[in-house]
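Below are my notes on the model you sent.

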Amino acid sequence: MNKGKKLYEGKAKILYETKEKGLAIQHFKDDATAFNNQKKANVEGKGVLNNRISEHILQNLNQAGIKTHLVKRLNMREQLVKLVEIIPIEVIIRNIATGSLTKRLGIADGTILDKPLLEYSYKNDELGDPLVAKEHILAFNWATIDELSKIEETTFRINDFMSGMFRGVGIKLVDFKLEFGRLWENDKKEVILADEISPDTCRLWDVKSERKLDKDRFRKDLGNIIQAYQEVARRLGIMPETTNISEVNFKKPTSISIKKK
Ligand code: 5GP
């Protein structure tokens with residue numbers, strides 16, 4: 001499949017046009033960013049692992065009847081995806097309190113929540129993706145009430161599915177972020193899961209040791225980022241197609257830059 005022109009470049013991925021109507025190529029970069037782009041690094045091999053892990057999870061969701069943008073993985077770094085109109089909200093679901101929730105509300109880190117907590121933020125880098133209420137989403141027409149119902153129902157289903165999948169391989173699904181998009185087919189609109197699901201977008205803790213197996217290793221300078229992502233792939237029973245993971249010369253993140261405010 002030939003890549004056309006670049007449609008969009010985000011912090012961790014690039015979207016390219018294809019000749020096929022309604023389809024795009026999503027390329028996973030090795031770039032890692034945190035704290036609204038203030039901390040940046042190149043983590044060699046991250047894109048390969050996220051491509052494979054996200055493919056695995058989205059394929060499983062598709063098989064469970066949850067519609068996603070994934071068509072198929074094309075190679076080590078690219079996926080063929082359905083082009084959707086991205087809804088400008090991030091949906092966050094939490095099973096254990098940590099991260100911004102604990103900072104914002106003073107809840108003790110690691111508190112197990114009685115039931116999953118769903119939060120929304122407005123997808124806007126300049127504003128730092130601020131937390132918003134459902135009322136803001138409706139007031140500013142970022143999504144309709146029907147779309148939000150579908151998003152909430154799908155998010156809870158995904159949380160159930162993924163919690164079980166990770167629990168089965170000794171990993172706690174602490175929290176994660178989802179994005180959704182509108183897919184138009186024959187004048188009919190459907191809201192489907194878009195974007196990736198990977199250790200970049202989830203918090204994953206080892207059940208026994210609570211060792212972090214996700215992007216917090218980068219955010220908090222814990223080191224061994226790639227080893228942690230590899231561990232997730234290994235436990236899920238997947239590794240990049242060559243299995244010559246050694247071909248991807250994993251090394252420490254390079255070019256870390258932290259911008260001072
Ligand atoms: P928190 O709000 O605690 O920083 O993040 C909650 C969860 O959502 C974490 O799993 C985090 O990785 C994910 N998340 C929230 N916002 C973003 C984002 O802008 N990019 C990525 N990759 N993940 C995010």
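1. A term first: two strands count as paired if DSSP finds at least two bridges between them. The model is a predicted one, and the points below should be read with that in mind. In this sense of pairing, Ile14 has His27 in strand 3 as its bridge partner.

2. That bridge belongs to the pairing of strand 2 with strand 3, which is antiparallel and comprises five bridges. The two strands form a hairpin with five residues between them, where Gly22 adopts a positive phi near 85°.

3. Strand 2 (residues 13-17) also pairs with strand 1, again in the antiparallel sense, over three bridges. Here Lys6 stands opposite Tyr16 of strand 2. Strand 1 and strand 2 make a hairpin too, with three residues between the strands.

4. On its other flank, strand 3 (residues 23-28) is joined to strand 7 (residues 78-82) by five bridges, and the two run antiparallel. Gln26 has Gln79 of strand 7 as its bridge partner.

5. What is the order of the five strands in the open sheet? The order is 1-2-3-7-6, and the pairing is antiparallel. Strand 1 (6-9) and strand 6 (70-73) each have a single partner strand, so they stand at the edges and one side of each lacks a neighbour in the sheet. On average, neighbouring strands of this sheet are turned by 25° against each other, direction ignored.

6. Helix 1 (residues 46-63) lies across strand 3, strand 6 and strand 7. Relative to strand 6, helix 1 runs at about 135°.

7. Helix 1 also packs with helix 6 (residues 225-235), at an angle of about 20° and with the axes 10 Å apart. Because angles under 35 degrees count as roughly parallel, helix 1 is roughly parallel to helix 6. The crossing of these two helices is left-handed.

8. Which residues make the contact between helix 1 and helix 6? Helix 1 supplies Lys46, Leu49, Asn50 and Ile53, while helix 6 supplies Ile226, Tyr229, Gln230, Val232 and Ala233. By class, the contact of helix 1 with helix 6 comprises six nonpolar residues, two polar and one charged.

9. The chain is divided into domain 1 (6-84 + 223-258) and domain 2 (87-206). Their C-alpha centres lie 19 Å apart. The contact takes 27 residues from domain 1 and 27 residues from domain 2.

Key. Residues are numbered from 1 along each chain as its sequence is written. This is a predicted model: local features need pLDDT of at least 70, side-chain atom pairs count only at pLDDT 80 or more; totals for chains, interfaces and linings use all residues. Side-chain values use heavy atoms; hydrogens and water are left out. Helices (H or I, at least four residues) and strands (E, at least two) are DSSP runs, numbered from the N terminus. Axes are lines fitted to C-alpha atoms, for helices over the stretch in contact, and angles run from 0 to 180 degrees between N-to-C directions. Contact means heavy atoms within 4.5 Å. Angles under 35 degrees count as roughly parallel, over 145 as roughly antiparallel, 65 to 115 as roughly perpendicular and the rest as oblique. A crossing is left-handed if the near helix is turned anticlockwise from the far one by less than a right angle, and right-handed if clockwise. Ala, Val, Leu, Ile, Met, Phe, Trp, Tyr, Cys and Pro count as nonpolar, Asp, Glu, Lys and Arg as charged, and the others, Gly among them, as polar. Domain bounds come from an automatic or database domain assignment.
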